[in-house]
Amino acid sequence: MKERIVLDVSKLPPHGMGTASPTWWGTCAFMLIEGSGFALAIAVYFYLMSIAPQWPINAPAPGLIPGTALTAILLASVVPNILLSRCARQRNLRKVRIGLVIMSVLGAIPLILRAFEFTVLHVRWDDNAYGSIIWTLLGLHSTHIITDLIDTLVLTCLMFTRHADNPRRFGDVEDNAMYWNFVVVAWIPLYTCIYWVPRL
């Protein structure tokens, strides 16, 4: 049987960006799974609150300053993060390098504030159900900040090497920026539960 060419794809780029990239879809799947985990943790929080005679249990509401400062920094970080994503799409290596350095710093600062957050919860993780769930919420989100920070630091180092000017690397930067936006958005309901629901 004679072979025939159905479609010549030899001129297609080796790597796509955005929805053309399998990595983009993988990142979306991660966000869906992790978002479901956050939703379940929040559901547990409200369940425990509904069966507790008082909320918080045997503790004052957490101090507002570290958590609110962290929230402000996370929200402010969205602006340079969006700019970084645009620069990655434009394949502007110089601006991507600058943006990654900025986002590395903005990813590290929340971890410093997070350490102070744990000190103003006024309850230990093993004191009662209230302590367990708010430590769990903070711990889950801390894991996401650490994960994205590590990814950002690796990308930052990589973009200063000879392997930087590569469509795949720019796609990785864009996907990482999308994930950071998820980390920021996911924190808003957690912040509300931890700091404001006990004050209602």
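Arginine 91 counts as partly exposed because its relative accessibility is 43%; the partly exposed class lies between buried, under 20% relative accessible area, and exposed, over 50%, with a 1.4 Å probe and protein chains only. Arginine 91 is not a glycine, yet its phi is positive, about 60°. The residue sits in the loop between helix 2 and helix 3 (93-119). Helices here are DSSP runs (H or I, at least four residues), numbered from the N terminus.

This is a predicted model: local features need pLDDT of at least 70, side-chain atom pairs count only at pLDDT 80 or more, and totals for chains, interfaces and linings use all residues. Residues are numbered from 1 along each chain as its sequence is written, and side-chain values use heavy atoms, without hydrogens and water.

Move on to the loop between helix 3 and helix 4, where histidine 122 is found. Histidine 122 also has a positive phi, near 65°.

Now go back to the loop between helix 1 and helix 2 (65-90), which holds proline 56. A cis peptide bond joins tryptophan 55 to proline 56, with omega about 0°.

A pocket is an open set of points on a 1 Å grid over the protein atoms alone, where a 1.4 Å probe fits, with protein on both sides within 12 Å along at least five of seven lines; lining residues have an atom within 4 Å of a point. The lining has 13 residues, and Thr27, Phe30, Asp151, Asn176 and Tyr179 are the closest to the centre. Helix 1 gives the most, five residues.

Terms used:
Helices (H or I, at least four residues) and strands (E, at least two) are DSSP runs, numbered from the N terminus.
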